[in-house]
Amino acid sequence: MMFENEWFEKYKIGVALIDADHLNLFKEVERFNQHLQSGMSTEELGKSLSFLDKYVGAHFAREEILMREKGYPDYTQHKSLHLHLKKVVFAVRRVFETDIEKVDKVKLNQFLHDWLVEHILRVDTELVPYVNGPYGSKNSYANERLQFEPLNEEVTLDEEMVEITVKVPKSKQKVIERCAFALMQNTPEAQDLEEIALAATGMTIEEALELAGAVLY
Ligand SMILES: [Fe+2]
Ligand SMILES: [Fe+2]
């Protein structure tokens, strides 16, 4: 298959498991595309989305473990790109549950294809020198844990800060403060927290419509 050969040369990062994942993701997007040409049913779209959701999640987790093992310095930024795609897929599934007709299959197909190609080619291939090359595992994020500080000082971030007041059980006060601290520091764990929170509570339809906007009618 021509597509596979082309893929193999350009997108290989040299770690068998990760390369196999990438090939499977490409194949799924291709399958999605073929279904689309032959008129994709709602059921097929649903199946494809749930496959992508699970597979993308598992693949990102494997890649993130690899990055941590190798002490990859841009781990946090790379992980935040993964989180963004996961949120979009989550949002598309959320919209899909509510109003199937809103999801533009052609745009979704284009979006997934572009995202994967762009991400694997530009972002994942940056890992090459770290997985098989000259860079060692110095600078490992895992070795330099942050020290939690109670939240009373000003933190300067690029992003606008908002103040929120919430009432929580007294026994959970420290947990909430720790979560807020990690989120302000933008640690990789903060991104895990965001994902756990999303899985725990779901997404409002308004949030989902905004996040998935690019692939809706
Ligand atoms: Fe990847
Ligand atoms: Fe990646």
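Which residues does alanine 91 touch, not counting residues up to four places away in sequence? Alanine 91 touches Met203, Ala208, Leu211 and Ala212. Two residues are in contact if their C-beta atoms, placed from the backbone, lie within 7 Å.

## The model

This is a predicted model, in which local features need pLDDT of at least 70, side-chain atom pairs count only at pLDDT 80 or more, and totals for chains, interfaces and linings use all residues. Residues are numbered from 1 along each chain as its sequence is written, and chains are lettered from A and ligands numbered from 1 in the order in which they are written.

## Overall make-up

The protein has 9 helices and 0 strands, so that from the N terminus on its elements run α-α-α-α-α-α-α-α-α. Helices (H or I, at least four residues) and strands (E, at least two) are DSSP runs, numbered from the N terminus.

Of the 217 residues, 18% are buried. A residue is buried if 20 or more other C-beta atoms lie within 10 Å of its own, exposed if 12 or fewer, and partly exposed in between. Among the contacts with a separation of 6 or more, 82% join residues 24 or more positions apart.

## Nonpolar cores

A nonpolar core is a set of buried Ala, Val, Leu, Ile, Met, Phe, Trp, Tyr and Cys residues joined through C-beta atoms within 7 Å. The largest one has 19 residues, and Val89, Ala91, Val92, Val95, Val103 and Ala212 touch the most other members. Two or more residues come from each of α2 (16-37), α3 (42-69), α4 (75-98) and α5 (105-123). Helix α4 gives the most, with 7 residues.

A second, separate core has 5 residues, including Met67, Tyr72, Leu127 and Tyr130. In soluble globular proteins, nonpolar side chains tend to be buried together.

## Helix α4 and its partners

Helices α3 and α4 pack at an angle of about 165 degrees, with their axes 10 Å apart. Axes are lines fitted to C-alpha atoms, for helices over the stretch in contact, and angles run from 0 to 180 degrees between N-to-C directions. The two helices are therefore roughly antiparallel. Angles under 35 degrees count as roughly parallel, over 145 as roughly antiparallel, 65 to 115 as roughly perpendicular and the rest as oblique. Residues in this contact include Gly46, Leu49 and Phe60 of α3 and Tyr75, His78 and Val89 of α4. By class, the contact has 10 nonpolar, 4 polar and 6 charged residues. Ala, Val, Leu, Ile, Met, Phe, Trp, Tyr, Cys and Pro count as nonpolar, Asp, Glu, Lys and Arg as charged, and the others, Gly among them, as polar.

With helix α8 (residues 188-201), the axis of α4 comes within 9 Å and crosses at roughly 10 degrees, which makes α4 and α8 roughly parallel. Among the residues in contact are Tyr75, Leu83 and Phe90 of α4 and Pro188, Glu194 and Leu198 of α8. This contact has 5 nonpolar, 3 polar and 4 charged residues.

## Two single residues

Glutamine 110 is found in helix α5. Because 15 other C-beta atoms lie within 10 Å, glutamine 110 is partly exposed. Its C-alpha atom is separated by 8.8 Å from that of asparagine 33, 77 residues apart along the chain.

Asparagine 186 sits in the loop between α7 (173-185) and α8. Its phi is near 50 degrees, a positive value in a residue other than glycine. Asparagine 186 counts as partly exposed, with 15 C-beta neighbours inside 10 Å.
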